[in-house]
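Here is a friendly note to read alongside the structure. Please keep the 3D view open and find each part as it comes up.

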Amino acid sequence: MFYVEEKMLIFLNIVRRTGEFASITCQKLHKYSNAVKYYESSLSLNHANAKVLCNLGYCYSELDEVDKAIDNCEESIKIDSEYYLPHYILGNLNYKLKNYDKSIIFFEKALELNSNLHEAWYKIGLNHFSKKKYDKAIACYQKVVSLDPKNDSCLEALGDAYLITAQVDKAFDCYQKVLGVTPGSTSSLYKLADIYTKQENLKDAVECYKDIIKYDPYDFLALQKLGDIRLTEKSFIEALGYYTKAHDVKPEEPSILKNLAKCYEKISIFPKAEEYYK
């Protein structure tokens, strides 16, 4: 009888481990619905597994099933309160729900349990930024950047915090650093272009927009901005080229149709101007 029970336990352990391997594989492949099935099957054999509950919570969070994600992470903490990851996931979930104070508490707890979790400082900064506590956000972002100087997400967030507090030079420096790490960061290029435009430095703004369309030739906004600048400079042929490309992306955009008509009118091609005015 003992031999039979021992073999059964071995068999169940193999089933559990196979299920956990399959679930982790699905999770890594972003097949979260499949991962959920395997994790739940694994929990039916051993419910008191904090890591499996946490992973299940993470998968539910990726599937936007927030209540289930929270329930599983809280259950994970009940089993192992020293495991940092469910606290981190709950921090993310509460940030999504705009429960900023609660989110900060979870991220701080995750940091207490794992001091190497630098990303938690970034997330705390995001919460402070959302609460318009910009000085606190800047302090958090600076901490991350001091530990990880090539963290482009944090560098850009730091730039945003500097920009909103009118520290334009520091913001500019952060966006430049982002481009040093990720040259194709269109969001930082747009922000730099906006700074240049406000400084009436249209030459460098144009270069930023041109860099954007190098990475994405169909970026509508960059094409439109280039057209607008050239139109302001009365470079009608060049403006026409950018507006034509923007029109290919969004054929029904009223502002593009109007500016195409204006360009054709300025270069005395009146039938085409009339066509676009219609």
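1. Let's begin with a pair of helices in this predicted model. Helix α13 passes helix α15 in a left-handed crossing. The residues in contact are Phe 220, Gln 224, Asp 228 and Leu 231 on the α13 side, and Ser 255, Ile 256, Asn 259, Lys 262 and Cys 263 on the α15 side. Sorted by class, this contact has four nonpolar, three polar and two charged residues.

2. Two packed helices are described by the angle between their axes and the distance between the axes. Here α13 covers residues 220–232 and α15 covers residues 254–266. Their packing angle is about 35°, and the axes lie 12 Å apart.

3. Next, please look at the largest pocket, which holds about 170 Å³ of space. Its lining is made of Tyr 190, Asp 194, Thr 197, Leu 202, Tyr 209, Lys 225, Asp 228, Ile 229 and Thr 232. The elements giving two or more residues to this lining are α11 (186–198), α12 (202–215) and α13.

4. Which helix gives the largest share of the lining of the largest pocket? That is α13, with four residues.

5. Finally, step back to the whole chain. Its secondary structure comes to 16 helices and zero strands. The chain has 278 residues, of which 42% count as buried. Among contacts with a separation of 6 or more, 38% are between residues 24 or more positions apart.

How values were computed:
Residues are numbered from 1 along each chain as its sequence is written. This is a predicted model: local features need pLDDT of at least 70, side-chain atom pairs count only at pLDDT 80 or more; totals for chains, interfaces and linings use all residues. Side-chain values use heavy atoms; hydrogens and water are left out. Axes are lines fitted to C-alpha atoms, for helices over the stretch in contact, and angles run from 0 to 180 degrees between N-to-C directions. A crossing is left-handed if the near helix is turned anticlockwise from the far one by less than a right angle, and right-handed if clockwise. Contact means heavy atoms within 4.5 Å. Ala, Val, Leu, Ile, Met, Phe, Trp, Tyr, Cys and Pro count as nonpolar, Asp, Glu, Lys and Arg as charged, and the others, Gly among them, as polar. On a 1 Å grid over the protein atoms alone, a cavity is a set of points where a 1.4 Å probe fits but cannot get out, and a pocket is an open set with protein on both sides within 12 Å along at least five of seven lines; lining residues have an atom within 4 Å of a point. Grid points are joined across faces, edges and corners, and a volume is the space filled by probe spheres set on the points. Buried means under 20% relative accessible area, exposed over 50%, partly exposed in between (1.4 Å probe, protein chains only).
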